[in-house]
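Work through the exercises below with the model open. Try each task before you read its solution.

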Amino acid sequence: MACHGHFLFVLLSLHLTLAPLARSSMHTVELDSLMPADNTCSSPEDLKESGQDNLSLQLAHRHGPCSPLDQEEIPTHEQILSQDQSRVDSIHHRVATASNRRKAYNPLNSLEIPARYGAPIGTGNYIVSVGFGTPAKSYSVIFDTGSDVTWIQCKPCVTACYSQQEPIFDPTQSSTYSNISCSSNYCAQLDAQGCSGNSCLYGVQYGDGSYTVGFYAQDTLTLTSSDVIPNFRFGCGENNDGLFGKSAGLLGLGRDQTSLVSQTLGKYGGVFSYCLPATSTSTGFLNFGSSSLPTNVKYTPLLTNSEAPTFYFLSLVGIIVGGKQLSISPTVFSNAGTIIDSGTVITRLPPDAYSALRTAFRQAMTRYKTAPALSILDTCYDFTGQSSATYPIISFLFSSGIKVDLDGAGVFYVNKPSQVCLAFAGNSDPSDLGIIGNVQQRKLNVVYDVSRKVVGFGPGTC
């Protein structure tokens with residue numbers, strides 16, 4: 001099979017006539033489309049023309065020019081990938097220790113940093129703006145399908161708050177704000193909780209060392225002018241620090257009871273969707289509810305792991321590279337399990353699956369000069385002087401029989417023209433959870449329907 005694939009590749013390089021299957025298994029991408037523009041932000045014209053931007057939350061990469069946040073210290077790609085590995089390690093730890101994940105803590109003082117309790121993960125990469133309080137004040141928050149608790153920084157910042165873009169939320173200025181009682185069932189839903197008098201305290205510590213602690217409260221959440229959620233439960237953080245940049249906090253879109261998805265089940269039916277842009281210089285969108293769902297979406301079952309209820313589990317069974325399914329036993333995927341996650345950057349595969357993918361990809365890319373590895377990415381190319389690159393199409397196969405073709409922006413991770421890498425990495429242990437990261441989700445419409453227990457994929461409109 002490897003020799004046959006190499007023979008087809010040689011034919012391609014000689015510009016000979018190929019069968020339709022061979023042509024359709026390769027794709028040529030303009031390299032400019034993978035590179036961020038010169039610090040300018042653009043929104044897709046088809047999104048504007050469809051009017052979808054009026055019905056959606058605009059979504060932007062937190063480190064790009066489309067972000068509403070000041071870009072004082074943009075991390076290097078090595079730092080981004082190192083932080084990504086911390087998040088992945090934390091997800092693996094969380095799932096491995098899931099049976100012990102729910103532990104209350106009793107603070108020595110009202111707003112101490114909680115000890116690690118088996119459920120930390122790193123923070124995410126994309127920003128949306130939402131309103132809190134009455135009257136509503138707009139805040140830029142990180143959206144994350146791997147987290148449940150939504151939180152923002154709050155005055156009076158009894159212990160510490162980091163520097164954020166907008167003025168810090170002042171609960172005393174909202175006519176609809178109230179703390180949740182320590183005896184409330186809502187307080188008991190938290191993974192880590194405590195009490196200050198009769199007020200419930202929450203605490204979250206993330207895998208990268210970031211943390212937030214404060215009062216668990218409720219207030220009005222405004223998503224758009226027509227999407228207002230009264231009595232929304234969230235963390236009002238008065239002791240916060242870490243790698244949140246200038247964001248005001250985090251929007252939790254996980255599956256557990258405290259998440260926005262669960263709290264709005266009656267309003268939106270457990271449905272939300274998004275499209276992540278190809279680069280940090282363009283925008284995507286985040287939708288709630290089924291009224292504006294795209295029609296050209298293929299669905300696969302959403303699985304449930306009762307020990308790790310936050311995550312969205314899928315049944316990945318195979319990978320296609322250049323029109324040929326890799327010889328990987330389905331048990332390689334089923335033994336590890338797979339989730340889809342908006343906050344993980346690079347897709348992680350079981351070692352045997354990644355090895356097969358890397359081998360097939362390298363065999364199809366022998367015409368190009370190789371480049372040094374970039375952190376966890378070990379298959380990189382030097383495209384200096386090239387205007388385009390031809391690569392084998394990579395597709396995910398799911399147990400439902402659907403095939404999801406990845407966009408070129410979902411195949412490559414670009415540091416610079418002389419270092420463009422295959423955007424996949426292998427786990428160190430075959431039992432470690434596989435994760436479909438946000439690079440592979442670029443330019444796809446991704447639909448989550450918790451009520452129907454399905455996740456859908458379709459061509460993106462961002």
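Strands (E, at least two residues) and helices (H or I, at least four) are DSSP runs, numbered from the N terminus. This is a predicted model: local features need pLDDT of at least 70, side-chain atom pairs count only at pLDDT 80 or more, and totals for chains, interfaces and linings use all residues. Residues are numbered from 1 along each chain as its sequence is written, and side-chain values use heavy atoms, with hydrogens and water left out.

**Exercise 1. Sort the side chains of β23 by direction.**

Step 1. Recall the rule. In a regular strand the side chains alternate between the two faces of the sheet.

Step 2. Apply it. Ile394, Phe396 and Phe398 point one way, Ser395 and Leu397 the other.

Step 3. Check burial (buried: under 20% relative accessible area, 1.4 Å probe, protein chains only). In β23 (residues 394-398), 5 of 5 residues are buried.

**Exercise 2. Describe the surroundings of Asp341.**

Step 1. Locate Asp341. It lies in the loop between β18 (338-340) and β19 (347-349).

Step 2. Why does Asp341 count as buried? Because its relative accessibility is 0%.

Step 3. Look for polar contacts (N or O atoms within 3.5 Å; within protein, one must be able to donate a hydrogen and the other to accept it, and residues adjacent in sequence count only if both atoms are side-chain atoms). One of 3.4 Å joins the side chains of Asp341 and Thr145. A polar atom of the Asp341 side chain also lies 3.5 Å from the backbone nitrogen of Gly146.

Step 4. Widen to contacts (heavy atoms within 4.5 Å). Leaving aside neighbours within four places in sequence, the partners of Asp341 include Arg87, Ile91, Ile435 and Gln441.

Methods:
Buried means under 20% relative accessible area, exposed over 50%, partly exposed in between (1.4 Å probe, protein chains only).
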